[in-house]
Amino acid sequence: VYSIFALAPTQFLFVPVSTFFVSPADILAVSGLLAFATRLLSRDPRAAGALWRHRYLVLLLLSYVLGFVVLQTFSRTLIRVALAIVPSILAIEVLRTRKHLWRAATALVVAAVIDAAYGLGMFAIGQQLHPTRFSGMSDVNFSAMVILTGAAIAFAQTARSHGWLHLAGPLGLSALGLATLSQSGLIAFASATLAVLGRVIAPRKVLQVIAVGAVCLMVGMSHAPVRERVLSRGQAEAQEDGVSRSSAEIRMALLGVAWTAFKDNPWVGVGYSNFRSRSLESPTIAGASGNNGFVSHNTYVEILAEGGVLAFFCFAMHLRPYLASLVPALRETTRRRDHLAASALVGLPIVLIVAALANVLVHYFFWAVAGLALAYLQMPAGVRRGAEVPAEPVP
């Protein structure tokens, strides 16, 4: 499980195998799934309990299959959604103590370091992955989610430390994450800081972070190319058809496509992975994409448009335990100033917010973060408080 968490970004290092593409993360996920299936068939109660916790995601996959039957379409990439869920299932099954949670959270920090190191390495050899923004193994929004989640967890883990040196790692990751210039990443990171980190970080350390961050910001903005890239981030850019459009304009056009698609097929949607082709019905999207189409740039809209009410209901029901338990858990975190609880929970608001601005349904890292948070939330109160007794499976 720790390996899957740490190597989640490698799902974008594709190796062609026959007519498919396989990544290191895919191999780990398949191995984990086969091992889980073995335990499930042997009637392991923890495996059964973990699968029951994800019953609505199983129904989500079945709703997409139903859509294939109704719409007479098919996409084999649906298997990637099933594989992406594996880290969450395994997290619920095997993360039983605070020590497990700490190691899993550390593995997510390692994932952020790996993604950032890949981007830095490519830049060092002269192969910048994005012409104006920092990027790791995938696009800038994904790298922002991974790196800033790792930074937030690192801040939570060092909440009780003293001195300036402990700030180097979290601040370094934060700088690289913000260098993606991802608006979704910035909003998510700021929200997680206010919602979670502020509950455990001492005021003195907050002042240290602000001081160092202010110095780094002034140094960065004093560099003309950096300043120009930051200031031009929200401006309209020339698209494939030569017309300048802002990101907001394109997103509004995509929402219009999604609404039309939903109205046409409200129960099963337009079919999994069919939104891109459907987006070409919009002249704005057709022109901006060079007739290639765009994905929805919103996971919740993607599910509603491609899977209809059935898929969206299943996804919402899976998220319900998170939302129902999160506020009480955060209150407990504040009361006890529990930095481990903060490290397990701080990634959740980041990935949920990024999901509203990007497509993360097939991302292992998204489900790893969600699984870590749910593993903490479903633990008995005694275990959360430090009684290192493995939690019993919840039916």
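Let me begin with R245, which is found in strand β4, residues 244-245, where helices (H or I, at least four residues) and strands (E, at least two) are DSSP runs numbered from the N terminus. This is a predicted model, in which local features need pLDDT of at least 70 and side-chain atom pairs count only at pLDDT 80 or more, while totals for chains, interfaces and linings use all residues. Residues are numbered from 1 along each chain as its sequence is written, and side-chain values use heavy atoms, with hydrogens and water left out.

Is R245 buried or exposed? With a relative accessibility of 9%, R245 counts as buried, a word that I use for under 20% relative accessible area, with exposed meaning over 50% and partly exposed in between (1.4 Å probe, protein chains only). If we leave aside the neighbours within four places in sequence, R245 is in contact with A236, E237, Q239, I250, T284, G287 and A288, contact meaning heavy atoms within 4.5 Å.

Let me now step back to the whole chain. The secondary structure of the protein comes to 19 helices and four strands. The radius of gyration is 21 Å, close to the 21 Å that the globule rule gives for 395 residues, so the protein is as compact as a globular protein of that length; the radius is taken over C-alpha atoms, and the rule is 2.2 Å times the number of residues to the power 0.38. Along the principal axes, the C-alpha atoms fill a box of roughly 60 × 55 × 40 Å. Of the 395 residues, 48% count as buried, and among contacts with a separation of 6 or more, 75% are between residues 24 or more positions apart.

As for the surface, the accessible area comes to about 17,900 Å², of which 67% belongs to carbon and sulfur atoms, as computed by the Shrake-Rupley method with a 1.4 Å probe. The protein has 31 positive and 18 negative charges, and their mean positions are 11 Å apart; here Lys and Arg count as positive and Asp and Glu as negative, with His and the chain ends not counted, and each charge is placed at NZ of Lys, CZ of Arg, CG of Asp or CD of Glu.

Which residues of the largest nonpolar core touch the most other members? They are F365, W367 and L372, in a core of 99 residues, where a nonpolar core is a set of buried Ala, Val, Leu, Ile, Met, Phe, Trp, Tyr and Cys residues joined through side-chain atoms within 4.5 Å. Helix α18, residues 364-377, gives the largest share of this core, with 13 residues. Apart from this core lies another, of twelve residues, among them L254, A261, V270 and V301.

Beyond four places in sequence, the contacts of W367 include L57, A84, F315 and H318. F315 is also one of the residues in contact with L60, together with I303, A311 and C314, again leaving aside neighbours within four places. L60 lies in helix α4, residues 55-71, and is buried, at 0% relative accessibility.

Two further helical residues deserve a look. H339 has its place in helix α16, residues 339-345, and is buried with a relative accessible area of 14%; outside the four places on either side, H339 touches W102, A156, Q157, A159, R160 and V200. I114, in helix α6, residues 98-124, is partly exposed at 25%, and beyond four places in sequence I114 touches A6, L7 and M137.

Finally, the backbone. Most residues other than glycine have a negative phi. In L181, however, phi is near 55 degrees, a positive value; this residue lies in the loop between α8 (168-178) and α9, and counts as buried at 18% relative accessibility. H297 also has a positive phi, near 60 degrees, and lies in the loop between α14 (283-288) and α15 (299-336), where H297 is partly exposed, with a relative accessible area of 26%.
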